[in-house]
Structures are given as structure tokens and as C-alpha cells.
Amino acid sequence: MSLVAIGINHKTATVDLREKVAFAPDKIHEAMRSLAQQTASGEAVIVSTCNRTELYCNTQDVSRVVSWLEQYHSLNHEEVAPCLYEFEGQKAVQHLMRVASGLDSLVLGEPQILGQVKQAFVKAKESGTVAMTMDRLFQNTFSVAKKVRTETEIGTAAVSVAFAAVSMAKHIFSSLATTKALLIGAGETIELVARHLKENGVASMVVANRTLSRAEAMCEEFGAQAITLEQIPDFLPKADIVISSTASPLPILGKGMVEKALKQRRHQPMLLVDIAVPRDIEAEVADLDAAYLYTVDDLQSIVEQNMASRREAAEQAELIAEEQSLQFMEWVRSLGSVDSIREYRTHCMDIKDELLERAMNKLGQGADAEEVIRELANRLTNRLIHAPTQALTVASRHGDLNALGQLRTALGLDKD
């Protein structure tokens with residue numbers, strides 16, 4: 001058997017093709033069982049996310065797995081083949097470890113992929129498509145991802161504007177557990193901000209948007225309150241954190257509105273983060289006491305510095321993945337030696353049992369005991385040395401000194 005990784009991702013395929021080869025959650029168990037049937041080992045795990053679809057198998061027939069993927073999704077080979085990547089053996093192991101560690105992600109070092117790989121593994125176990133090799137592979141992979149997180153700085157620095165905004169809020173307020181956030185806009189960036197705020201335990205969130213229904217749809221997921229832009233003056237004084245990202249051509253928050261809110265807050269600090277282009281918050285707000293205004297340019301500078309930091313950490317992480325994949329392959333090779341030893345031992349015991357039964361029958365028939373023992377010893381010796389003798393003869397005949405040397409060492413002829 002050979003460990004194989006076959007897949008497409010955001011680097012090799014368009015969104016359109018990635019959607020076509022994705023596996024629906026309600027069909028994933030059936031798909032894994034079907035894929036496992038294409039392998040002699042019966043082992044298969046499918047990792048399917050918005051950015052990648054990957055098949056991990058224990059098989060020697062890679063083309064059969066590729067054909068299965070194309071047939072399962074009713075796709076032409078010409079459409080899929082140019083976008084596929086294939087890894088075997090140690091390279092497949094290293095690839096999985098890189099994926100789980102966030103080294104192959106759209107955002108370097110992002111942690112969500114580890115949870116997605118773990119979920120795929122759980123579903124594979126539920127499907128009955130995981131045996132000893134795959135189980136050990138994925139358990140080792142999870143340990144490697146944890147090692148990367150704890151021994152490198154790859155996941156500590158904010159590398160998105162949304163994450164940077166929330167990180168800045170944590171830096172200013174130390175804890176978000178008692179802070180209230182006002183988010184202006186309801187697009188992807190604000191949605192990501194809301195997710196980060198919730199994950200960091202913000203006390204409450206209010207989302208203001210021109211279209212109330214859009215804000216309400218987003219608020220359902222985060223337990224937030226939706227308001228219109230016209231209601232902002234009523235809620236601004238209660239906000240410790242204000243993060244804005246809209247497509248408005250004119251500022252939404254003026255200096256006067258913020259100044260009035262700060263007076264009502266008795267000049268308790270307010271963090272305002274403007275990640276809109278053009279600006280949502282007038283630049284003059286920065287002149288107000290207790291108002292801490294940061295723009296998208298400020299955050300972008302932080303993101304660029306952090307990306308450089310992550311790339312440096314990624315170099316360390318790559319070494320960890322490579323080292324651990326090599327160690328895993330040593331374990332795989334040891335399985336082969338264990339199987340060979342077990343098989344050789346069974347073969348010899350079968351010969352022994354066969355000849356011993358023959359000798360016992362002769363003794364039972366009254367044959368001379370000394371003659372029976374001598375014959376047993378000769379027959380057993382001849383049977384056991386037959387295969388090694390043939391191997392020595394072939395190696396000598398072909399002048400294969402390397403094989404001859406290994407045989408002599410294995411047979412104890414060259415003890416040094």
C-alpha cells in the first residue's frame with residue numbers, strides 16, 4: 001500500500017470548479033465509503049472545504065482514485081486533470097501536516113482548517129473508512145499542528161484587517177468581556193469583525209446598516225441588535241468600540257456627533273476603527289480627547305508587519321512538518337518489517353508442524369526413534385535453508401555483491 005493525497009485548492013482551481021468537486025455534508029459518509037471501495041486497504045478520508053477538496057487514501061492505484069472523483073461528480077478528465085495535484089508516500093504525509101497547520105491556506109496560518117480536518121477525520125471514522133494507518137496518520141497530524149501552534153508564532157499575529165481591528169480593541173481594553181461594540185455596515189468585513197468579537201467574548205454588539213433586513217440577517221448568527229443608520233446617535237454613547245466599513249461616499253460619523261457622544265460617556269475612552277474607503281469617520285474625530293481613531297491604512301501597516309512575522313514562523317513550521325512526516329514514514333516502514341517477520345515466522349512454524357506430525361506418525365507406527373529424529377532434523381534443515389540457498393545462488397550467479405553481502409549478514413555468515 002502507499003499513502004496518497006489527491007486534490008484541488010484555491011491555488012490550482014477556480015471557485016466554479018472547486019464548487020463542482022466539493023462534497024455535500026449530507027453525502028460525505030456515502031462518498032467516503034464509495035471511495036474506500038476503490039482501494040485494497042479500504043481506507044479513505046475526504047477533506048472538503050470552500051477552498052479545497054482532497055482525498056487521502058491508502059492505495060497503489062492513483063489513477064483509479066482520480067477516475068472515481070471525476071465519475072462521482074460527472075466531470076470530464078480534461079476539465080479536472082490540469083487542476084489536480086498528487087502526492088505519494090512521505091510527500092502526501094507532509095502535505096496533510098502542512099494543510100492542518102495552516103501552511104497551505106489562503107491566509108497563512110489560519111486556524112480554522114485544523115478544525116475542518118478533524119471534522120473530516122471524525123466523519124471518516126463514522127463511515128468505517130479508517131483503519132490503523134489512517135488513524136495513526138491523522139492523530140500524528142493533529143499533534144504536528146498543535147506543535148506548530150505552540151512552538152512557532154504563526155498564529156499569533158493578525159493578518160486580516162478585521163482581525164487587526166479586534167486585536168487593537170483587545171490591546172486598548174485588555175478584556176472585551178465588559179465592552180459594547182457598534183458595527184456600522186453589514187458586508188463581509190463587518191461580518192468577520194463580528195465573528196472575531198464574539199470569539200473574544202465581547203459583551204454586546206449592535207449592527208447599524210442602511211438596509212435593516214441585511215443587518216438583521218447577520219445579527220441572528222451573532223446574537224446582536226440591528227438598527228438603521230439614522231439610529232446611530234442614540235446608540236453611539238453606549239459604544240466602547242466603533243468599527244465601520246460601508247460603501248458610503250460621505251462620512252457617516254462626524255466630529256460633532258462623536259463629541260456629543262463622548263460628553264454623554266463622561267469622556268470614557270472610545271475606540272473608533274474606520275476600515276472604509278472612502279472614510280466613514282471624519283479625520284477630525286482624532287482631535288477629540290478620549291477618542292482613539294484608526295484608519296484602514298493604520299491597520300494595513302499592522303497586517304503587513306504581521307504577515308512578515310507569519311512568513312518567518314512558517315519557515316520553522318515547514319521544518320516541523322517535514323521532520324514529522326519523515327518520522328511517520330519510518331513507522332510505516334516498520335509495519336512492513338513486522339508483517340514480514342510475522343509471515344516468515346508463520347512459514348517456518350508451518351514447516352515444523354508438518355514435519356513433526358510426520359515424525360510422530362512414524363513413531364506411532366513403531367519406527368526406530370533414532371532414525372525418525374535424524375530424518376526430522378535433516379528434512380527440517382533442508383526445508384528451512386532451501387529459500388536462502390536459492391537467493392545466495394542467484395546473487396552469486398549475477399555478481400550482485402550488494403545482495404550477496406546483505407544475505408550473508410542476514411544469515412549470520414558475516415557476524416562483523
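Gly-187 is partly exposed, with a relative accessible area of 31%, in this predicted model. The residue lies in the loop that joins β5 (180-184) to α9 (188-199). An unreviewed UniProt entry includes Gly-187 in a "binding site" annotation, together with Gly-185, Ala-186, Glu-188, Thr-189 and Ile-190.

Thr-189, also listed under that annotation, belongs to helix α9. Leaving aside residues up to four places away in sequence, Thr-189 touches Ala-162, Ser-245 and Ile-275.

Cys-50 is placed in the loop between β2 (44-48) and β3 (52-58).

The accessibility of the annotated residues discussed here is set out below.

| Residue | Relative accessible area | Class |
|---|---|---|
| Cys-50 | 63% | exposed |
| Gly-187 | 31% | partly exposed |
| Thr-189 | 33% | partly exposed |

A further feature is the packing of two helices. The axes of α6 (residues 112-127) and α7 (residues 132-151) come within 11 Å and cross at roughly 160 degrees. Angles over 145 degrees count as roughly antiparallel, and α6 and α7 are therefore roughly antiparallel to each other. Their crossing is left-handed. On the α6 side, the contact is formed by Leu-114, Val-117, Lys-118, Phe-121 and Lys-125. Helix α7 contributes Met-134, Asp-135, Phe-138, Gln-139, Phe-142 and Ala-145.

Definitions and conventions. Residues are numbered from 1 along each chain as its sequence is written. This is a predicted model: local features need pLDDT of at least 70, side-chain atom pairs count only at pLDDT 80 or more; totals for chains, interfaces and linings use all residues. Side-chain values use heavy atoms; hydrogens and water are left out. Axes are lines fitted to C-alpha atoms, for helices over the stretch in contact, and angles run from 0 to 180 degrees between N-to-C directions. Helices (H or I, at least four residues) and strands (E, at least two) are DSSP runs, numbered from the N terminus. Angles under 35 degrees count as roughly parallel, over 145 as roughly antiparallel, 65 to 115 as roughly perpendicular and the rest as oblique. A crossing is left-handed if the near helix is turned anticlockwise from the far one by less than a right angle, and right-handed if clockwise. Contact means heavy atoms within 4.5 Å. Buried means under 20% relative accessible area, exposed over 50%, partly exposed in between (1.4 Å probe, protein chains only). UniProt positions are given in the numbering used here, feature names are shortened, and annotations may be inferred rather than shown by experiment.
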